[in-house]
Amino acid sequence: VDLGKIDLLAEEGFYQNRTDFIRNAIRLQLEKHSPTIERSIVRHSYGLGIFGCTRKDLEKAAAKGEKKRFDVVGMLVIERDVPPGLADEVIESLSVHGVLKAINAVKEAIKDRIH
């Protein structure tokens with residue numbers, strides 16, 4: 001029934017199609033909850049946006065004996081040239097609210113640390 005109502009609104013010219021309706025509904029809900037989202041980002045010290053993790057970054061951390069922790073709202077891209085063993089050695093934890101891009105072997109190597 002809900003999809004029928006959406007289709008009717010699209011036919012009446014309020015929206016181009018179902019996708020347009022859903023996109024608009026999502027934006028409205030995110031705006032409505034914006035203060036809560038912002039407080040959560042600050043409280044949890046999340047980075048907001050698109051972040052990259054390179055082989056060079058992880059090699060530097062490994063040389064110093066450091067561990068990396070990623071807390072992201074948005075997207076984290078672990079570059080394709082990052083070996084699974086290096087990711088396993090250096091990445092302590094990963095919390096991504098959004099999209100994590102990495103080769104499957106890297107995701108598999110750190111799967112127990114993805115929250």
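## Burial and surface

Of the 115 residues in the chain, 24% are classed as buried. The model described here is a predicted one. The accessible surface of the chain amounts to about 8000 Å², and carbon and sulfur atoms contribute 53% of that area.

## Order of the elements

The chain contains six helices and three strands. Read from the N terminus, these elements follow the order α-α-α-β-α-β-α-β-α.

## Overall dimensions

The radius of gyration of the chain is 20 Å, whereas a compact globule of 115 residues would have a value near 13 Å. Along the principal axes, the C-alpha atoms occupy a box of roughly 60 × 30 × 20 Å.

Contacts can also be considered by their separation along the sequence.

## Charged side chains

The chain carries 19 positive and 18 negative side chains.

## The aromatic pair

One aromatic pair is present in the structure. Tyrosine 15 and phenylalanine 21 form this pair, with 5.1 Å from centre to centre. Their planes stand at 85 degrees to each other, and the arrangement is edge-to-face, because an angle over 60 degrees is counted in that way.

Are the two partners buried or exposed, or do they fall in between? Tyrosine 15 has a relative accessible area of 22% and is therefore partly exposed. Phenylalanine 21 is likewise partly exposed, at 22% relative accessibility. The limit for a buried residue is under 20%.

Definitions and conventions. Residues numbered from 1 in each chain as written. Predicted model: local features only at pLDDT ≥ 70, side-chain atom pairs only at ≥ 80, totals over all residues. Heavy atoms only, no water. Phe/Tyr/Trp six-rings, centres within 6.5 Å; stacked < 30°, edge-to-face > 60°. Buried < 20%, exposed > 50% of the residue type's maximum accessible area, 1.4 Å probe, protein only. Helix = DSSP H or I, 4+ residues; strand = E, 2+ residues; numbered from the N terminus. Rg over C-alpha atoms; globule rule 2.2 N^0.38 Å. Areas by Shrake-Rupley, 256 points an atom, 1.4 Å probe, with all protein chains shown as cover. Lys, Arg positive; Asp, Glu negative; His and termini not counted. Charge placed at Lys NZ, Arg CZ, Asp CG, Glu CD.
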